[in-house]
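Q: I would like a close look at a single part of this structure, with the terms spelled out as they come up.

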Amino acid sequence: MATYFSKVTLFDGRAVKKRAGVLVSDGVIKWVGSHARAPRDARGADPVDADGGTVTPGLIDCHVHLCFDGEPDFVAEAKVSQAYAAVKCVRNAERQLAAGVTTVRDLGGIDAVVCEVGKAIADGRAKGARVVASGQALTITGGHGWNSFARQVDGPDGVRVAVREQVRSGARSIKIVATGGVLTPGVTVDFTAFTPEEVEAAVDEAHKWGVPIAAHAIGRTGIERCVRAGIDSIEHGSQITDRTAREMRDHGTFHVPTINALRGIVDHPEDVPAYAVEKGKQVLAMAQDAFRRAMRGGVRHACGTDAGTPHNPHGGAPQEIIRMVEWGLNRLEAMRSATSNAAELIRVPTVGTVEEGKAADVVLCEADPVDDVTALLRPKLVMLAGEAIAP
């Protein structure tokens, strides 16, 4: 049965259009345009009671960890079997979908669990957001994430082998851990991990396989190395300088700030490990300034929550968008960060915009989120490949 959204405000992933119509059939967008010029097929379609609402593309979260629920101790939560982690993955993918997030990029899990869950969802054996899996993240021996979501690897040749093995396991994205981080004890946040040669090998190998590569990078030197090597996105980026921001703009490197993750850690000192709270405060003090330097430098942003980290549950992309606006990003760019920008970054051209021929992943909101981003917190309808999902 075809579905027709009539007389809606449409944010198509790039711009806002008034009194629009959207026709959905066979899981794809069949027609988009002015409602006054709707095709004959729209008359026989099942009408959606939009009641003056706004249709947007399904949101995309470019940085999640589906194997993790957001418990206070991230390292402790990693100590589960692959089977147990798979059950958590499915449940968290469902949570994403209920919040209007129809696609996620997972940036590190337990073995190849997320790759397999992503396949199961794509095959219709489980319900949940579409998954672009990275398998395990890659870190140096003893580096950030070694005891939770990452595989330890050293040397340019070792890095190349690890990238190939992740792709063989079903990864459609790669992540390297280029600096220290907040959630691994004994490693400072600005510690520089991979050598320039290792970073270059990772980027070259990922791109040979046609997959994007992300870098967990908080410290200045690690960020600079990754940008110059051609990395596709800087995750966190808390020490982005003015010069590096200009280089990111020129290279087309996206910034994924993950504000939700910092707030989840810093705002809960009652149960998050003390070492993580202390490092989280250190990063938060730098992150907002770096975010604004990136904006001034013309860097494009993509929405990523780091969901699964302490007190950072899945489905938080609407809150991340709100926080980016609070940090100074204009509302239109914030919405693009979770739609068209995000789809470009993760290399999934069938999502991220409402256009003819694209997947019918859409969200119906009560109001226009480009005017009021908090409208994203109250989806009236979520649709994945043309199938309506109750929020």
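In what order do the three strands of the open sheet lie, and is their pairing parallel or antiparallel?

A: The order is β6-β7-β8, and the pairing is parallel. This is a predicted model, in which local features need pLDDT of at least 70 and side-chain atom pairs count only at pLDDT 80 or more, while totals for chains, interfaces and linings use all residues. Residues are numbered from 1 along each chain as its sequence is written, and side-chain values use heavy atoms, with hydrogens and water left out.

Strands here are DSSP runs of E, at least two residues, and helices are runs of H or I, at least four, numbered from the N terminus; two strands pair if DSSP finds at least two bridges between them. β6 (59-64) and β8 (130-133) each have a single partner strand and stand at the edges, so one side of each has no neighbour in the sheet. From one strand to the next, the twist averages 20° (axes are lines fitted to C-alpha atoms, for helices over the stretch in contact, and angles run from 0 to 180 degrees between N-to-C directions). Four bridges join β7 (residues 101-106) to β8 in the parallel sense, and D106 has A133 of β8 as its bridge partner.

Two helices pack on this sheet. Helix α3 (residues 82-98) touches β6 and β7, and its direction makes about 135° with that of β7. Helix α4 (residues 113-122) touches β7 and β8, its direction making about 150° with that of β8.

In the largest nonpolar core, which has 60 residues, C67 and I321 touch the most other members. Such a core is a set of buried Ala, Val, Leu, Ile, Met, Phe, Trp, Tyr and Cys residues joined through side-chain atoms within 4.5 Å, and buried means under 20% relative accessible area (1.4 Å probe, protein chains only).

The largest share, five residues, comes from α4. Of the 27 lining residues, G118, I121, A122, R130 and V131 lie nearest the centre of the pocket. A pocket is an open set of points on a 1 Å grid over the protein atoms alone, where a 1.4 Å probe fits, with protein on both sides within 12 Å along at least five of seven lines; lining residues have an atom within 4 Å of a point.

Technical notes
Buried means under 20% relative accessible area, exposed over 50%, partly exposed in between (1.4 Å probe, protein chains only). Contact means heavy atoms within 4.5 Å.
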